[in-house]
Amino acid sequence: MTQTAIEPFDPSRELGPIIAGLRAQRLRWRAAHERHAEHGGHGFPQRQAISRILAPLSALLFPLRLGPPELNPANEDAFIEATLETTLLQLAAQVRLELRYHQRDAADDAIEARVQAILRGFATALPGLRALLDSDVQAAWQGDPAARSVDEVLICYPSITAVIHYRLAHRLHELGAPLVARIITEIAHSRTGIDIHPGARIGARFFIDHGTGVVIGETAVIGEGVRLYQGVTLGAIGLSIDATGAARGEPRHPIVEDEVVIHAGATILGRVTIGRGAVIGGHVWLTRDVPPGAEVLPAAPELAIVE
């Protein structure tokens, strides 16, 4: 039996058509989006750079637990000062890229004034963000009997990682850097499986138990003391978005009032209101309002036990 000879891949001969094909597709894309040139990695916020910023930002919020091992109460402030000076400059560079990308005709001094305003607003918000995060950590410790300490919650719980990223990102989103904010929450999404849009509004004492598969949409509003379990979706009912972008940013996700508990796998869609203190059972599919204090349970399944 004669075997067919396999011709080895020859990069010097075969890469040319591939490169040309990729170039042609790039040009088609840019023409379709009315771009003469993409800014590329040097003119667009960089995910890798933002990822490197997140660890020191988290560390300056919780230095003794998320900072370097040599820290102690005596040198915390010095660490925070040094970290702020370097990290805020790195963050400013990414915000500057975002503003230049979206405001290509703006004067440099106008861009720089906006960058500095965002940077100042973000920096001055950090003590308040720490207070909010303290309430989230406390809620997790009180809400999970498996937790041995607040330190365990802070170090081990993926939901706390996601919420730290979210609270940092939400402030940047409010200040006018929504793209940098979105990259921050998507980094958390890839690390934890928890998808929180930075535009969502979430009150204090927020706890996601386990967390994998949680989705919280852009216009969701969540009150204080809310607890979610894994697999919960606070989403939108499918909307038709036309060429002008209509429906983008419109309120289309749920409002969850204070002290609500939503159990694993529940799906709540549309601009519905879940009243204060309501309990939503696992795997409920919900597209209408729920009054305060109500309990919504799925229909009892019929079980067949075969022996």
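Modeller: D136 is buried, at a relative accessible area of 1%. Buried means under 20% relative accessible area, exposed means over 50%, and partly exposed lies in between, with a 1.4 Å probe and protein chains only. This is a predicted model: local features need pLDDT of at least 70, side-chain atom pairs count only at pLDDT 80 or more, and totals for chains, interfaces and linings use all residues. Residues are numbered from 1 along each chain as its sequence is written, and side-chain values use heavy atoms, with hydrogens and water left out.

D136 belongs to helix α5, residues 108–143. Helices (H or I, at least four residues) and strands (E, at least two) are DSSP runs, numbered from the N terminus. Leaving aside neighbours within four places in sequence, D136 contacts I160, V163, R167, G203, A204, R205 and F206. Contact here means heavy atoms within 4.5 Å.

R205 sits in the loop between β2 (201–202) and β3 (207–209). Its phi is positive, about 60°, although R205 is not a glycine. R205 is partly exposed, at 33% relative accessible area.

H210 also has a positive phi, near 70°, and is not glycine either. H210 lies in the loop between β3 and β4 (215–216). H210 is exposed, at 52%.

Back to the α5 side. D144 is in the loop between α5 and α6 (150–156). D144 counts as buried, at 11% relative accessibility. Beyond neighbours within four places in sequence, D144 touches Y157, F207 and D209. Its C-alpha is 16 Å from that of V260, which is 116 residues away in sequence.

Now the aromatic part. Rings of Phe, Tyr and Trp (its six-membered ring) pair if their centres lie within 6.5 Å; planes under 30 degrees apart count as stacked, over 60 as edge-to-face and the rest as tilted. That rule gives 1 aromatic pair. The centres of the F44 and Y101 rings are 4.7 Å apart and the planes are at 85°, so the pair is edge-to-face. F44 is in the loop between α1 (11–32) and α2 (47–61), and Y101 is in helix α4 (residues 76–102), so the pair ties together parts 57 residues apart in sequence. F44 is partly exposed, at 29%, whereas Y101 is buried, at 11%.

R104 lies over the face of Y101, 4.8 Å from the ring centre. A charge sits over a ring if NZ of Lys or CZ of Arg is within 6 Å of the ring centre and within 35 degrees of the ring normal.

H102 is also found in helix α4. H102 is exposed, at 52%.

Last, the whole chain. There are 8 helices and 14 strands. Its C-alpha atoms fill a box of roughly 70 × 65 × 50 Å along the principal axes. Of the 307 residues, 40% are buried. Among contacts with a separation of 6 or more, 46% join residues 24 or more positions apart.
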